[in-house]
Structures are given as C-alpha cells and as structure tokens.
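Hello,

Here is the structure I promised to pass on. Please open it first, then read my notes below.

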Amino acid sequence: MEDIKKYQKAEKIKKQREDLQTIPWYYDGLENLCNRIHPGKQLLRVTDIKQLSSDTKLFRFISANPNKQLAPFRAGQYIGLTVEINGARSSRPFSIVSSPNQLSYYELGVRIKEGGFVSPFIVNNLKVGDILEASEPLGNLYYNPLFHGKDLVFVAGGCGITPFISMLKDISERDIPLNIWLIFGCLTEKDILFREELEDIQERRPNIHVRYILSEPDVDWKGECGFISRDKILKEVGTIEKKYFYVVGNRAMYEYVKEELSHLGIPQHRIYFEAFGVPDDVTKVIGWPSDLDSSNKFQITLEYRQYSQKEKIKFEAMCTEPLLNSLERALKSKITIENACRSGECALCRTKMISGKVFVPPEVTVREVDKSFGFIHPCVSYPLADIHLDLTLT
Ligand code: FES
C-alpha cells in the first residue's frame, strides 16, 4: 500500500513537471526579446535622403513592416543592405550613423566607391519610398567597458567616420564618462562629413577632442595636413598609455595606420581595426601568386538546392574578383548566398569547397575549424584554379 502511494505521488510530480515544461515560464518574454534582437532579416523603407558631399548621401530608413520594430543595435555596428542590380542580388555592409538610443529609424551614410557595384547603385538610384532587405545589426566595433578602458582614440578615414558618429552620439546622450580623441583624415575640407554634428558634440563635451587631418587641403586650410602619421597621433593624444584605438577606413588607410600604430608600440590587443571590403587590387596583396596572369579565368561548378531539387551550374570567374561577386552574378536571383560583412568576419557566407584552390588575403582570419573541414568564405576568396562548391553542404 505504501509503495502504491509513493508511486502515485511520484507520478503526480512527474505530471506537474511535464505540464510546466510544455510552455517554459520564460518562453514568451525571452522568445520575443530574442526575435527582436535577432530578426535575421528586416525590411526597410527609405524615408529621407540628404546629400552629405559630392559622392556621399545620408539615407534614413524606417521599418517597412508596421508590425515589426527595427532591431536594436550597439553604437558602431553595421547592417548589410541588399539590392537587385540587373537581376543579380548583392549586399554590402554600411555602418549605422544614428544613435542606438532611438529605434524609430536607422541612418546610413553611403559613399560611392570608385569602380564599385553596389554603392554607386544605392547613391544614384535609391529614392524615398523604396523598400530594401537588410540584415540585423552585426559587427564587433563597439565600446566594451570591460576591455577598452576610459581613454579611447577613434581613427577615421573618409566614410569610416560613420560608426564613430553613432558612438559619439551614444556617449554624449548617455553622459558616459570617457575621454575621446577623434582623428579624422580626409582629402579636402569639403570631404569632412558630419562636421556640424562633430563641432556641436565637441562644444558640449570638453572630454571629446576632434582633429581633422587633410591630405589634399586648399591653400587657406589652417589645420593639420598630410596623413595620419605616428607623430600626428602622438601630438594629438599625448601618450599612448592605457588608450584603446579603433581604426575605421579603407584598405589603404588601414595598411598605413596599422604600420604607424605598431611603430608607436601599441600592443595588438589595444587596437581594433574595421576595414570593410576587399583590396582594390588583390594582385598587390602580399602572398598573391606573382606568376599568375591576372586576366585568368577559372571554371566554377556550383551545386545548390532550389525548391528541394539539387541543381548544378558552371560558369567562369575572374581570378582577381572575389568569388562571392561572381557567384551572385551567375546565380542571378535563383538563390541568395547569405552575407553581411563582405570582409571574412561574420562567416555568414561560408561555403563548402569540394575541390580547388583559393587565395585569401593574409589579414583575413578564417576560423580554423572552417579551414580544416574545407569551408571557405567566398566574399574574401579569389579562385586560383577550377573550383567545385557545394552550397547544399553548408
Ligand atoms: S559575408 Fe561575412 S564572412 Fe563573408
């Protein structure tokens, strides 16, 4: 009798546990929060466009879905914007300029990249009312109080100022007690983006110091001239002790500043580099096979799944173009290869390479586990032989 009672009691407790587990107590709250932070994709509508300089525009986007708010982000992060050009879907990352303390809109600054594919299309064709697909906010450029300390040096080149504008807005709005030195390199005075905003912040916040350095100034420019050299950095920040450096700009600026910072003896762990995109000329990158004719094309075989069917296409790809660009052109809108950073950082585009050989610029860090299992990041991989890729294994 005693055993039966114990059995019944155990069964009752088991049933209660099972009932409870059907819908965990935290399900609603956390599930909603996770979906809000990581929506995967977002649909954005252009509501405002402002010309910032001769080749740069500021775009304001709101959520195109009335039932969905924009995903929150950390100041400094970016989103990948997708556009369709001549039937090919392609996306590029753009840093968010607006403050993370309001989520009624995102603002993105887009500059036309010479010889680029997506940025000229966006700047020249996007109009108010257009709807675009975008990724959720991504990226590792943001202030981390645990590791970055209280003295921050922002080094920006050209359009690389955009994430810093968001960070400065955030720091200023939340009154975060930080000392900041912003060193902003531009070609001419006309190329100083967000000057009004920068001067306003500087006026209100004595702990934020802004210095412009122009490489091609007009004769009446009275400020600093030249490049962002080690002397100019030191002159601006005084001492490098306990300072954390963030560097954002194009590849050429990145190479130069990297060298200058290493001469100042700043340890690697106190520098964060964000250099979107790939080299303008990959044949000039260290490690590129000098005996390879740069006009070479290789055959790419790609297997993918569409409507549950396995399909295969073959096409030719230039050795000097990232594989992802060739793939997007060949696939048209049949399927989309997920991507966001186009710099080898986010790993969204990882693809299984069955056979072949690719060149990857040395500064790109592909995860060891991806390398050992034969995965490549086509956004930063250049074909050096015929290649067989299988998207169904990704
Ligand atoms: S798009 Fe981010 S790694 Fe390729």
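Which residues are exposed on the other side of α7? They are Asp231 and Lys235. Keep in mind that this is a predicted model.

Now the buried side. Helix α7 covers residues 230-237. Its buried residues are Lys232, Ile233, Glu236 and Val237. They sit on the same side of α7, because they cover an arc of only 115 degrees around the axis. These buried residues pack against strands β7 (151-157), β8 (179-186), β9 (208-214), β10 (224-225) and β11 (243-248), and also against helix α8 (251-263). Just after α7 comes Gly238, with a positive phi of about 80 degrees.

Next, look at Glu107. This residue lies in strand β5 (residues 106-111). Is Glu107 buried or exposed? Its relative accessible area is 10%, so it counts as buried, the cut-off being under 20%. Its side chain makes a polar contact of 2.8 Å with the side chain of Arg60. Glu107 also touches other residues, including Leu58, Phe59, Ser95, Ile96 and Lys169.

The largest cavity holds about 90 Å³ of space. It is lined by 14 residues, and Lys41, Thr82, Ser91, Thr336 and Asn339 lie nearest its centre. Strands β3 (78-85), β4 (88-95) and β6 (131-135) each give two or more residues to this lining. By class, the lining has 2 nonpolar, 7 polar and 5 charged residues.

Best wishes

Methods:
Residues numbered from 1 in each chain as written. Predicted model: local features only at pLDDT ≥ 70, side-chain atom pairs only at ≥ 80, totals over all residues. Heavy atoms only, no water. Buried < 20%, exposed > 50% of the residue type's maximum accessible area, 1.4 Å probe, protein only. Helix = DSSP H or I, 4+ residues; strand = E, 2+ residues; numbered from the N terminus. Arc of directions from axis to C-beta. Contact = heavy atoms within 4.5 Å. Polar contact = N/O pair within 3.5 Å; in protein donor to acceptor, adjacent residues only side chain to side chain. 1 Å grid on protein atoms, 1.4 Å probe; cavity = no way out; pocket = protein on both sides within 12 Å on 5 of 7 lines; lining within 4 Å. Points joined across faces, edges and corners; volume = space filled by probe spheres on them. Nonpolar A, V, L, I, M, F, W, Y, C, P; charged D, E, K, R; others polar. Lists of a residue's contacts leave out its neighbours within four places in sequence.
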